[in-house]
Amino acid sequence: MQAFNVVRGIVAPLDRANVDTDAIIPKQFLKSIKRTGFGPNLFDEWRYLDRGEPGMNNAVRPLNPDFALNQPRYKGASILLARKNFGCGSSREHAPWALDDYGFRVVIAPSYADIFFNNCFKNGLLPVILSESEVDQLFHAVAAFPGFEAIIDLPRQVVSSADGSLSFGFQIDPFRKDCLLNGWDDIGLVLRHADRIREFESRRMHEQPWLGKTLAS
């Protein structure tokens, strides 16, 4: 998992509440479990004017010009600004995979669905919670200034505009913060103790050799 420290990037607005995971990545794209390749179909039903299916050439599909991610001013955005209850619906982990594969490192919203919120941390995506008033201020700034950039400083737990005119603190669980800073997912956390695990297995096979025969069979 990619470590997270300070991210500076263009902010893309998604001015909708209750965005569910089927809108983030529609169900027909859930056949793969590779964690990659989902970016082109992020928000598929909103980005394109036709119905997307696996295997389609997205480069020739008709784009919805009214959808924010299709507008030139938000090209290359790495921070997604959303409304309350983002990521509701099914528990599919493909949702943070799609956001990450598109290029987003941060989502900012007033609230999230619990499972989506947890899945973000497990995949190196930072879900920042700000008040509705603070989110409103960011939406106004994004609308007013093309190419509006924000800085997400995880060590300091601060969201600020690149010009310093806005600055908001945010809370994060210390354990989750430490994992993001070090790039540890669940497997990475376990592998930190690989030597102790090997030592335990070796000792167990020495003290209980009959287990080896059980496992072999």
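Which charged end sits over the ring of W46? Select R16 and W46 to see: the charged end of R16 lies over that ring, 3.9 Å from its centre. A charge sits over a ring here if NZ of Lys or CZ of Arg is within 6 Å of the ring centre and within 35 degrees of the ring normal.

Before going on, note that this is a predicted model, in which local features need pLDDT of at least 70, side-chain atom pairs count only at pLDDT 80 or more, and totals for chains, interfaces and linings use all residues. Residues are numbered from 1 along each chain as its sequence is written, and side-chain values use heavy atoms, with hydrogens and water left out.

**Around W46**

Rings of Phe, Tyr and Trp (its six-membered ring) pair if their centres lie within 6.5 Å; planes under 30 degrees apart count as stacked, over 60 as edge-to-face and the rest as tilted. W46 belongs to helix α2 (residues 44-47) and F67 to the loop between α2 and β2, so the pair ties together parts that are 21 residues apart in sequence. Helices (H or I, at least four residues) and strands (E, at least two) are DSSP runs, numbered from the N terminus. W46 is partly exposed, at 21% relative accessible area, whereas F67 is buried, at 3%. Buried means under 20% relative accessible area, exposed over 50%, and partly exposed in between (1.4 Å probe, protein chains only).

For another charge over a ring, select R61 and Y48: the charged end of R61 is 3.8 Å from the centre of the ring of Y48.

**The sheet**

Now show the strands. Seven of them form an open sheet with mixed pairing, in the order β4-β3-β2-β1-β5-β6-β7. β4 (126-129) and β7 (167-169) are at the edges with a single partner strand each, so one side of each has no neighbour in the sheet. Two strands pair if DSSP finds at least two bridges between them.

Select β1, residues 6-14. Seven of its nine residues are buried, so the strand is largely enclosed by the rest of the structure. β1 pairs with β5 (residues 149-153) in the antiparallel sense over five bridges, and G9 stands opposite A150 in β5. With β2 (residues 79-82), β1 runs parallel and is joined by four bridges; here L14 stands opposite A82.

Move to β6 (residues 158-161), which is antiparallel to β7 and joined to it by three bridges. S160 stands opposite S167 in β7.

**The core**

Select F43. Not counting residues up to four places away in sequence, F43 touches L14, V19, A23, I24, F67, L69, L80, F86 and L99. Contact means heavy atoms within 4.5 Å. F43 is among the residues with the most contacts inside the largest nonpolar core, which has 57 residues. Such a core is a set of buried Ala, Val, Leu, Ile, Met, Phe, Trp, Tyr and Cys residues joined through side-chain atoms within 4.5 Å.

**Helix α4**

Finish at residues 114-122, helix α4, and select N119. N119 is buried, with a relative accessible area of 10%. Beyond its neighbours within four places in sequence, N119 is in contact with S91, R92, E93 and P96.

F86, Y112, F116, F117 and F121 form one aromatic cluster.
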